[in-house]
Amino acid sequence: MAASAVECRLLARDPVFDEERDAGDDGLAASAQVASLPERSHRRLSAVAGVATFALLLALVVAVTSESSGGDHGRARMSTAVELATVEHSEATLAQALQQAAAEESEDKDCGIAEMGDSCYFHVVWAMTKGIRRNPDWYPGLTPKSKFEDFQKHLAAFDSNSTCKMPCIIEGCWTATPGCECWNNVHWAMTTGIVENPTWFPGLTKASPMETFQSHVHKQNSTVCPNLACNPQPFSIISLYCWAVVRSDGYEVDLVKAQVKKKAGMFACDAYVVVSDKDLGLAVDGVQTLTISTTKVTGYTAAGTSPNAPVFVEAMSKLREDGRYRQHDWVIKSDPDTVLLPDRLRMVLEPTQQPRNPYPPPYAPAPGAGLFVPNCDKQATWGAGWGANGLWPMMYGSIEMVSREALDNYFVKEESCKSSIQGWQQMGEDRYLGLCYRHLQAGELFLKQGDATCGGGSCGDGRFQAYHPFKSADTWMQCWDQAMR
């Protein structure tokens with residue numbers, strides 16, 4: 001896998017998604033709409049982009065200002081201006097102008113990445129999470145996956161009320177990506193090295209950004225990491241890699257095809273794959289099938305569930321061979337009859353948005369062990385707490401969420417789990433994996449879901465990120481539509 005093809009992600013977050021912040025959306029939206037060009041950017045962009053492009057940028061400013069004062073008429077004018085921008089001037093020209101402006105401000109040292117909590121930071125986060133989804137034409141050249149730094153450049157050029165400066169340019173920088181040698185060394189330094197040998201990393205802590213660790217490794221060994229890292233990104237959107245085991249006979253194929261057609265459930269994740277005992281013919285819709293020897297299971301566990309651990313262990317080995325999960329922050333296994341809401345899940349997986357765990361494990365997470373998500377606590381009604389019967393609270397198999405680090409660690413230490421968990425071949429995969437992640441001392445984040453096998457929950461109950469079970473396309477879509485209202 002080419003490292004440059006993968007965008008690095010940083011899990012530093014801020015509580016900008018709290019419900020109480022919604023009351024302030026109108027104020028943030030108004031400031032995001034105001035785009036009177038800062039004087040310094042007037043000078044830089046006119047010199048860099050040329051008269052034609054600069055005139056276009058001023059047209060955009062006028063359009064956005066009209067939008068903020070003229071209601072629907074202003075919005076129409078803004079849309080027209082952006083359409084003209086797309087037709088008459090390439091987005092590459094605009095991006096080049098912004099990059100040059102940032103470089104010139106770097107020379108003046110009037111530059112820098114916004115810090116968590118300051119005014120510019122909140123403007124950028126609003127633009128990344130809400131602005132671009134509600135009004136994508138306000139952000140030419142950007143997408144919901146664009147970096148914090150690129151959004152900040154845009155606001156620095158077009159929104160004087162944002163207080164944003166241009167980010168500084170680090171010449172020749174490159175940020176390592178999962179799977180490359182530099183990334184592996186940096187990840188070790190962040191998770192294990194800093195814990196076991198903190199004196200090797202002066203000035204760094206476990207909370208230091210990945211990019212800062214990379215620059216440290218580069219200075220110590222430029223062969224391992226040949227480049228300084230680019231600017232740390234103080235915020236980025238959680239990336240989800242979703243997958244499912246789908247039986248090639250029975251109702252599951254039609255159920256999955258209905259979800260694919262609507263880009264719903266797991267197919268609203270950033271990337272996805274299905275696993276089955278034969279190709280399901282979904283490639284025409286952009287969905288790859290990874291094949292395993294069988295999806296059939298016979299018999300029952302002592303608890304009356306399917307002893308399907310071997311099927312899922314083989315399926316996970318295909319994920320490992322495929323490797324694409326490593327490009328994402330979290331790996332989500334969603335059963336075909338589970339209604340998953342990825343956008344809602346991204347919000348609650350933000351590190352500063354994660355709720356307090358009511359069932360904390362009696363140990364600190366091991367370095368590099370990552371996080372997994374138990375989602376069923378019905379044992380609490382029996383008066384039992386963490387670890388009851390070695391299981392509770394449990395990760396029920398309708399939806400299984402693990403961080404990339406947790407899955408990486410599992411693959412490295414898989415044999416340790418199998419040798420320490422007696423009779424794993426006769427277990428359900430959720431019981432086996434829950435026991436395994438605890439054996440590896442992964443961190444735990446409890447998120448109860450609307451699963452009828454664990455108390456259930458209405459599809460209209462916004463506290464949940466997933467609902468189960470819905471075994472026909474009609475009932476599945478009814479739940480999805482209700483949950484999305």
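**Stop one: a pair along a helix**

Select E414 and K418, which form a salt bridge with their closest N and O atoms 3.0 Å apart; a salt bridge here is a side-chain nitrogen of Lys or Arg within 4 Å of a carboxyl oxygen of Asp or Glu. Both residues belong to helix α12 (residues 404-420), where their spacing of 4 residues separates them by about one helical turn. Helices (H or I, at least four residues) and strands (E, at least two) are DSSP runs, numbered from the N terminus. E414 has a relative accessibility of 12% and counts as buried, a term that means under 20% relative accessible area, computed with a 1.4 Å probe on protein chains only, with exposed over 50% and partly exposed in between.

The model is predicted, so local features need pLDDT of at least 70 and side-chain atom pairs count only at pLDDT 80 or more, whereas totals for chains, interfaces and linings use all residues. Residues are numbered from 1 along each chain as its sequence is written, and side-chain values use heavy atoms, with hydrogens and water left out.

Next, select K333 and E400, whose salt bridge has its closest N and O atoms 3.8 Å apart. K333 lies in strand β4 (residues 330-334) and E400 in strand β7 (residues 399-403), so the pair ties together parts that are 67 residues apart in sequence. K333 is buried at a relative accessible area of 2%, and E400 is buried at 5%.

**Stop three: two packed helices**

Select A309, F312, V313 and M316 in α10, which meet E429, Y432, L433 and Y437 in α13, contact meaning heavy atoms within 4.5 Å.

**Stop four: a buried glutamate**

Finally, go to E149 in helix α6 (residues 148-158). E149 is buried yet has no salt bridge, and K147, the nearest side chain of opposite charge, is 4.2 Å away. The E149 side chain does make a polar contact with the side chain of N231 at 3.1 Å; a polar contact is a pair of N or O atoms within 3.5 Å, and within protein one must be able to donate a hydrogen and the other to accept it, while residues adjacent in sequence count only if both atoms are side-chain atoms.

Definitions and conventions
Lys and Arg count as positive and Asp and Glu as negative; His and the chain ends are not counted.
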